[in-house]
Amino acid sequence: MSAAPEAKYTEETVLWIKHHTPKLITFAITRPESYRFSAGQFSRLGLREGNGFIWRAYSVMSAEYADTLEYFAVLVENGPMSARLAALQSGDTVLLDKNATGFLLPGRFPDGKDLVMLCTGSGIAPFLSILEQPEIWQRFDSLVLAHSVSYADELIFTRRIAALQTHPLVGGYFGKLTFLPVLTRERTAGALNQRLPELLASGALAAAAGRPFTPQNTRFMICGNPAMVKDTFQTLFDMGFSMHRNRIPGQIMMENGF
Ligand SMILES: Cc1cc2nc3c(=O)[nH]c(=O)nc-3n(C[C@H](O)[C@H](O)[C@H](O)COP(=O)(O)OP(=O)(O)OC[C@H]3O[C@@H](n4cnc5c(N)ncnc54)[C@H](O)[C@@H]3O)c2cc1C
Ligand SMILES: NC(=O)c1ccc[n+]([C@@H]2O[C@H](COP(=O)([O-])OP(=O)(O)OC[C@H]3O[C@@H](n4cnc5c(N)ncnc54)[C@H](OP(=O)(O)O)[C@@H]3O)[C@@H](O)[C@H]2O)c1
């Protein structure tokens, strides 16, 4: 059954799906030529369920200019969409709402020199898309990506991030990026070991980033667990940073990742 011409969605095909751990998957779907989004935005993906649909938001992980649309999903226990995604196979149909949305867009910052991207779990997805846009590397002197997960096997993007070094569009700027993995429930060499608000408040994150965080130079983007977003915003606010609004410029932009 194909979508009616007036439908708010298109029907796309799953091209591949990878199960990285029992609860972490990445997958790609076909991209209609008419589908436009800005890096940092999310799609609404749907599946048919009985006579109805199930719709959920997923940040686009691939680049604005990519031929396909890639996503990263954390499968949650007893989640209706998670159960369906766990069984997804290449060749399956996924519904794609025609409009991408979201305001986690680094271009909204009118100034700033250092961009610090703070995320937990699936909140890394919009930043992976943003990191494939050359404008962002040209615009900022330095980029920091801090990704907090509980356990080391959830750090599934280390190679993808390292591969940016040879990316045809952004590879030349790779030296500007500091990737900071954060593990909150186990320790390994090379990862920080506290939650993001604590790392900010103690100065450990700035030390690991190799530069001070200042309202004049630093701009923060936050995405992930809503409690983390709230606690991180409050910590930054206490440190003298404020929310960015288009009419009242500040240093913090954020989005709840679920
Ligand atoms: C703006 C936006 C962007 C999103 N982008 C992504 C994305 O890129 N990848 C992704 O996996 N999910 C993303 N989500 C969450 C996603 O829409 C679904 O909620 C999620 O896949 C679970 O769906 P569900 O039906 O299985 O469970 P739901 O009934 O939707 O959620 C059940 C519970 O699971 C927990 N939960 C939901 N999503 C997550 C998550 N991602 N990580 C940890 N715990 C979670 C929450 O406690 C929630 O109350 C996004 C949500 C929003 C609002
Ligand atoms: N039953 C459990 O013990 C358990 C544990 C984890 C997740 N889950 C469930 O598993 C699913 C997927 O979870 P997930 O691990 O991908 O996502 P998550 O629970 O959001 O955890 C991702 C990262 O966010 C951190 N975090 C959570 N709340 C925070 C806060 N207020 N401030 C700063 N950092 C915070 C976590 O630290 P911490 O590791 O310190 O929480 C972890 O490093 C969810 O449904 C979740 O509820 C269950």
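The legends below describe close-up views of a predicted model. Local features need pLDDT of at least 70, side-chain atom pairs count only at pLDDT 80 or more, and totals for chains, interfaces and linings use all residues. Residues are numbered from 1 along each chain as its sequence is written, chains are lettered from A and ligands numbered from 1 in the order in which they are written, and side-chain values use heavy atoms, with hydrogens and water left out.

**View 1. Six strands make an open sheet.** The strand order is E4-E3-E6-E1-E2-E5, and the pairing is antiparallel. Strands E4 (52-59) and E5 (68-74) are the edges, each pairing on one side only. From one strand to the next, the twist averages 35 degrees. Strands (E, at least two residues) are DSSP runs, numbered from the N terminus. Two strands pair if DSSP finds at least two bridges between them. Axes are lines fitted to C-alpha atoms, and angles run from 0 to 180 degrees between N-to-C directions.

**View 2. Strand E6 pairs with E3 and with E1.** Strand E3 (residues 42-49) meets strand E6 (residues 93-97) over two bridges, in the antiparallel sense. Leu45 has Leu96 of E6 as its bridge partner. E1 and E6 also run antiparallel, joined by five bridges. Here Glu12 has Val94 of E6 as its bridge partner.

**View 3. E1 and E2 form a hairpin.** Two residues lie between the strands. E1 and strand E2 (residues 24-30) pair over six bridges in the antiparallel sense. Val14 has Ile29 of E2 as its bridge partner. In a regular strand the side chains alternate between the two faces of the sheet.

**View 4. Tyr9 and Thr10 are in strand E1.** E1 covers residues 9-21. Tyr9 counts as buried because its relative accessible area is 15%. Thr10 is buried too, at 17%. Buried means under 20% relative accessible area, exposed over 50%, and partly exposed in between (1.4 Å probe, protein chains only). Leaving aside neighbours within four places in sequence, Thr10 is in contact with Pro32, Val94, Leu95, Leu96 and Lys98. Contact means heavy atoms within 4.5 Å. The C-alpha atoms of Tyr9 and Ala163 are separated by 33 Å, with the two residues 154 apart along the chain.

**View 5. Glu70 lies in strand E5.** Glu70 counts as buried because its relative accessibility is 15%. A polar contact of 3.0 Å joins its side chain to that of Arg160. A polar contact is a pair of N or O atoms within 3.5 Å; within protein, one must be able to donate a hydrogen and the other to accept it, and residues adjacent in sequence count only if both atoms are side-chain atoms. Not counting residues up to four places away in sequence, Glu70 touches residues including Trp16, Phe27, Met61 and Arg160.

**View 6. Ligand 1 has 17 residues around it.** Ala57, Tyr58, Phe72, Met81 and Ser82 come nearest. A residue is near a molecule if one of its heavy atoms lies within 4 Å of it. An oxygen atom of ligand 1 is 2.9 Å from an N or O atom in the Arg56 side chain. A ligand 1 nitrogen atom is 2.7 Å from a polar backbone atom of Phe72. For Gly79, a polar backbone atom is 3.4 Å from an oxygen atom of ligand 1. On its own, ligand 1 has 860 Å² of accessible area, and the protein covers 72% of this. Accessible areas come from the Shrake-Rupley method with a 1.4 Å probe; for residues, only the protein chains shown count as cover.

Terms used:
Helices (H or I, at least four residues) and strands (E, at least two) are DSSP runs, numbered from the N terminus.
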